[in-house]
Amino acid sequence: TYGDWSSDVCSSDLMVAAGEAAIVSDGETKKATVTRENNSVRFQWSNLWAVIKALDKNGVPVGLDAEGNIRVTPESRVEVTASGFKPQSTAEAWVFSTPTRIGTAAVGADGKTAGTFALPKKLNAGSHRIVLLGLDQSGKQVKFTLGVTVVEPPQPASRTVIVVLIL
């Protein structure tokens, strides 16, 4: 294991806008290629890649917005798949602006990991980032960052019920 990386995550958080992505490998920010497929965002540099998809709080996939970006609400979930990690290690998932670890996922012998992580209930609307942090194949820190937008959950429609009594 790698210990507590919270200070590393916080001190080097990348400011990327919704739909933008970055990969930090060996301390250097790499220009990631971003594509959209199957209502998810995929970003890659060299042999490092990640795919992130939004799910509602019940686990149902949510489509990308009109610009092809991920929009979530508080209590939504994100499904993350990534490759390029050190085999048999652990990856951490975080959400920013306020750094919050939302879970961990085991990395397989093939260097791939996958997990579904619930977003905090008190996540404010606005620009945020999903970050996946771990060790690369050589044991150095690697970080995947994707910008997402958090929106307020839809309010249930109010209904007016009229009761007519006939006497």
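User: In which sense do S8 and strand S9 pair, and over how many bridges?

Analyst: Two strands are said to pair if DSSP finds at least two bridges between them, and strands themselves are DSSP runs of E with at least two residues, numbered from the N terminus. Here S8 and strand S9 (residues 100–106) pair in the antiparallel sense over six bridges, and the two form a hairpin with three residues between them. Within this pairing, valine 95 stands opposite threonine 100 in S9.

User: What should I know about the model before I rely on such details?

Analyst: This is a predicted model, in which local features need pLDDT of at least 70 and side-chain atom pairs count only at pLDDT 80 or more, while totals for chains, interfaces and linings use all residues. Residues are numbered from 1 along each chain as its sequence is written, and side-chain values use heavy atoms, with hydrogens and water left out.

User: Which residue is the bridge partner of glutamate 92 in S11?

Analyst: The bridge partner of glutamate 92 is leucine 133. S8 pairs with strand S11 (residues 126–135) in the antiparallel sense over five bridges.

User: Why is strand S8 described as largely enclosed by the rest of the structure?

Analyst: A residue is called buried under 20% relative accessible area, exposed over 50%, and partly exposed in between, using a 1.4 Å probe and protein chains only. Strand S8 (residues 90–96) has six of its seven residues buried, so it is largely enclosed by the rest of the structure. For the chain, 44% of the 167 residues count as buried.

User: Is aspartate 65 buried or exposed?

Analyst: Aspartate 65 is buried, with a relative accessible area of 15%, and is found in the loop between strand S5 (48–55) and strand S6 (71–72). The side chain of aspartate 65 reaches the backbone nitrogen of asparagine 69 at 2.8 Å.

User: Is isoleucine 166 buried or exposed?

Analyst: Isoleucine 166 is exposed, with a relative accessible area of 78%, and lies in the segment after strand S12 (141–150).

Conventions. Helix = DSSP H or I, 4+ residues; strand = E, 2+ residues; numbered from the N terminus. Polar contact = N/O pair within 3.5 Å; in protein donor to acceptor, adjacent residues only side chain to side chain.
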